[in-house]
There are 2 protein chains.
Amino acid sequence: MTGTLSSHTAEATTPFELSALFEPVATEFKQVEESLRSNLVDDSPFVATLLSQVFSTGGKRIRPGLVLLSSGATLGAGAKFTQNHIILAVLTELIHTASLVHDDVIDKASVRRGQETVNRRWNDKLAVLVGDLLFAQASICLARLQNPAIVGIYGQVLGDLCAGEIKQMNQQFVCQVNWQAYMQKSICKTASLFSAGCHSGPILNLAPAETVEAMRQYGTNLGICFQIVDDLLDVTSSESTLGKPAGSDLAQGILTAPALFVLQQNNAASRELETLIKTRAVSQPGGAAVALSIIKDNGGVEQTVKLARNYASKSKDALKLLTASPYKDSLASMIDLLLERTH
Amino acid sequence: MTGTLSSHTAEATTPFELSALFEPVATEFKQVEESLRSNLVDDSPFVATLLSQVFSTGGKRIRPGLVLLSSGATLGAGAKFTQNHIILAVLTELIHTASLVHDDVIDKASVRRGQETVNRRWNDKLAVLVGDLLFAQASICLARLQNPAIVGIYGQVLGDLCAGEIKQMNQQFVCQVNWQAYMQKSICKTASLFSAGCHSGPILNLAPAETVEAMRQYGTNLGICFQIVDDLLDVTSSESTLGKPAGSDLAQGILTAPALFVLQQNNAASRELETLIKTRAVSQPGGAAVALSIIKDNGGVEQTVKLARNYASKSKDALKLLTASPYKDSLASMIDLLLERTH
C-alpha cells in the first residue's frame with residue numbers, strides 16, 4: 001500500500017485505491033483537475049505554462065478529493081454539486097501546492113549550497129513567484145465563492161501553515177519532549193487545511209451546525225493521523241518508496257512521534273538517541289542509521305502506530321452523524337487506507 | 001524633496017511633507033501603525049517578534065495613508081472612521097510589505113551567491129516564511145471585513161503583483177520598445193494595489209458607484225505616476241539618495257520609460273544604448289554610467305517627466321467629483337508631492 005500511495009508517475013498521480021474512493025465524485029474530480037491549470041490572473045500564456053508545469057508533476061489530490069466527498073456527503077435532499085464545490089476543491093489544492101513550492105525553494109537552497117548558478121537563481125526566483133502565484137489564484141477562487149465564513153476559515157489556514165513551519169523551526173534539535181508542541185505543529189502544518197477542506201463544503205451546503213462541526217472534527221483528526229503516518233514512514237520506509245532518504249526528518253533535527261516516544265523513556269536508549277541528535281550525528285548517513293535503529297528497537301514504531309490509530313478512531317467517530325451514502329463510505333474508507341500505510 | 005521621501009531612519013519613516021498630508025487622518029494613522037505589528041495567526045511571541053522587526057525597518061506608509069484619506073474623503077454625511085477602515089489600511093500595507101520581503105529573498109540570493117552559510121540559509125528560509133506570514137495576516141484582515149467585493153479586488157491585486165513580476169522578467173534585456181508591456185507591468189506591480197487601496201474605502205462607505213470609479217481612477221493613475229517617477233529616479237538620483245547604485249534597473253536589464261524613450265529614436269544614441277544592453281555592458285559599473293549618460297543627453301529624462309505629468313493630471317482630474325474636505329486637499333497634494341520628486 002505504501003508504495004502505491006507514494007508513487008509519482010503521471011499528471012494527477014492518484015493511485016488505484018484512492019481512485020476507487022473518489023469514484024462517487026469522478027466527474028467533479030475531473031473538472032477540478034482541469035480547473036487547476038486555469039490562469040485566473042491575466043491573459044499571459046507564460047502563466048498558463050507555469051501552472052501546467054506545476055500540476056503535471058503529480059500529486060495524489062487527496063485534499064480536493066476530500067472536499068468533494070465531504071460536500072457530497074452533506075448535500076441537501078435533491079441538491080447537486082455546483083461550480084462552487086469545484087472552486088472549493090481547486091483552491092484547497094492550490095494552497096497545498098503553493099506551500100509545497102515554497103518549501104521547495106527553501107530545500108533546494110540548502111542542496112545547492114555554495115554552487116549557485118545564474119540559471120539556478122533564475123529558478124529560485126520563479127519558484128518564489130510561482131508559490132505566490134498559486135496563493136493568488138487561491139485568493140481569486142476564494143473571492144468567487146462570495147462566502148465570508150469560508151474566507152475566514154482559509155485566511156486562518158494560511159496563518160496556520162506559516163505558524164506550523166515556524167513552530168517546527170523553533171523545535172529543531174530540541175530533545176526535551178514536548179508533545180503539545182508536536183501536536184500543535186501537526187495541526188498547523190497539515191490538519192488545518194484538511195479541516196478547512198472537509199467542513200467548508202458542508203458550509204456551502206448550508207448543512208446544520210452539528211454536521212459542519214462533525215466534518216471539522218473528521219478533517220482535523222484525519223489530518224493529524226495523516227501527519228503522524230507521514231512521520232512514521234520517514235522512519236520505517238525505504239528511500240525507493242519515499243523518494244528521499246529514510247530518516248530525513250531526523251537528519252534535519254525535526255523530532256516526530258517515533259523519536260519522541262523513545263526520548264521520553266529516560267534510559268540508555270533515550271540517552272544514546274539524544275546524544276546522536278545533540279551532536280548533529282543524525283545529520284550524517286551513519287548517525288541517522290544508528291538513530292533509526294534505536295527508534296525501531298525501542299518501541300518507537302509501535303507506539304506511533306497506536307497514536308495514529310487513536311486519531312483515526314476519532315475521525316471515524318465524527319462520521320456517525322452523517323446519513324448513509326457512497327460519499328460517507330469513501331470518507332470512512334479513506335481512514336482505513338491511511339492506516340494501511342502503517343503496515 | 002527626493003531625499004526626504006526616500007529617507008529611512010526610524011519606525012514609520014514618514015517624512016515631514018507626507019506627515020503633513022496625513023494630518024487629517026493622524027489618529028487613524030497611529031492605529032494602523034500599531035495594528036501592523038499584531039500577531040493574528042497564533043499566540044507565539046516569536047511571530048510577534050518577526051512582525052515587529054519587519055515593521056521597525058521603516059517604510060513611508062504611503063499606501064495606508066492613501067486608504068485613510070480616500071476613506072475620509074468619501075465618508076457619508078455625519079459618518080466617522082470605523083475599525084474596518086483601519087483594517088483596510090493595515091492589509092494594504094501588509095500586502096505591499098509581503099511583496100517587498102519576497103523580492104528581498106530573490107535579491108539577497110544573488111548577492112550572496114557562492115558563499116551561502118547555514119546562518120544565511122536560515123535567514124532565507126525565514127524570509128520566504130515571513131512574506132507568506134504577511135500575506136496570511138492580510139488574508140485574515142480581509143476576511144474580517146466581511147465584504148465580498150473587497151475580497152475580490154484584493155485577490156486580483158495578489159494576482160497582479162505576481163503577473164507584474166513575471167512580465168518584468170520576460171522583458172529583461174529586450175530592446176524592442178513595447179510601451180504596452182511597460183505600462184501593463186507598471187499597472188500590475190504598482191498601480192493595482194494603489195487602485196485597490198483608493199477605491200475600497202469608498203466601497204466600505206457605500207459611496208455612489210461614480211465616486212468609487214473616480215477613486216479607482218485616482219489610485220490607478222497615481223500608481224502609474226508613482227512607478228514612472230520611481231523609474232526616473234533610478235536614472236537621475238545618486239546612490240546616497242536611492243540607497244542602491246543609480247542605474248540598478250538598467251543593470252538588471254529592466255528597461256523603463258527613460259531608456260525606452262531613447263531606444264525608440266532609431267539613431268546613433270539608440271543604437272549605442274542598445275549595444276550596451278545587449279552585450280550586458282549595462283550590468284557593469286562602467287557600462288551603466290555610459291548608458292545613463294546617453295539617456296540623460298538624449299531627452300530620456302524630460303520625456304519621462306512629461307509622461308509622469310500626464311498621469312498626474314489624469315489622477316487629479318478624477319478628484320473633481322469629490323466634495324471639498326481636508327482629505328480631498330491631501331489627496332490632491334499627494335500628486336504634487338510626487339511630481340516634486342522629479343525636480
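Mentor: We start with how the angle is taken: axes are lines fitted to C-alpha atoms, for helices over the stretch in contact, and angles run from 0 to 180 degrees between N-to-C directions. Please keep in mind that this is a predicted model.

Trainee: At what angle do helix α9 and helix α10 of chain B pack?

Mentor: Two packed helices are described by the angle between their axes and by the distance between those axes. Here α9 (residues 179–204) and α10 (residues 209–236) of chain B pack at an angle of about 150 degrees, and their axes are 7 Å apart. Angles over 145 degrees count as roughly antiparallel, and α9(B) and α10(B) are therefore roughly antiparallel to each other. The contact between α9(B) and α10(B) has 12 nonpolar, 10 polar and two charged residues.

Trainee: Which residues of helix α14 in chain B are buried, and why are they on the same side of α14(B)?

Mentor: In an α-helix there are 3.6 residues a turn, so residues three or four places apart point the same way. In α14 (residues 268–278) of chain B, the buried residues are B:Leu273, B:Leu276 and B:Ile277. They cover an arc of only 100 degrees around the axis, which puts them on the same side of α14(B). What covers them includes α13 (257–263) and α15 (285–297) of chain B.

Trainee: How many residues does each chain give to the contact between chain A and chain B?

Mentor: The contact takes 42 residues from chain B and 42 residues from chain A. On the side of chain B that touches chain A, α7(B) gives the most, with 14 residues.

Terms used: Residues are numbered from 1 along each chain as its sequence is written. Chains are lettered from A and ligands numbered from 1 in the order in which they are written. This is a predicted model: local features need pLDDT of at least 70, side-chain atom pairs count only at pLDDT 80 or more; totals for chains, interfaces and linings use all residues. A residue is buried if 20 or more other C-beta atoms lie within 10 Å of its own, exposed if 12 or fewer, and partly exposed in between; C-beta atoms are placed from the backbone. Helices (H or I, at least four residues) and strands (E, at least two) are DSSP runs, numbered from the N terminus. The arc is that of the directions from the helix axis to the C-beta atoms. Two residues are in contact if their C-beta atoms, placed from the backbone, lie within 7 Å. Angles under 35 degrees count as roughly parallel, over 145 as roughly antiparallel, 65 to 115 as roughly perpendicular and the rest as oblique. Ala, Val, Leu, Ile, Met, Phe, Trp, Tyr, Cys and Pro count as nonpolar, Asp, Glu, Lys and Arg as charged, and the others, Gly among them, as polar.
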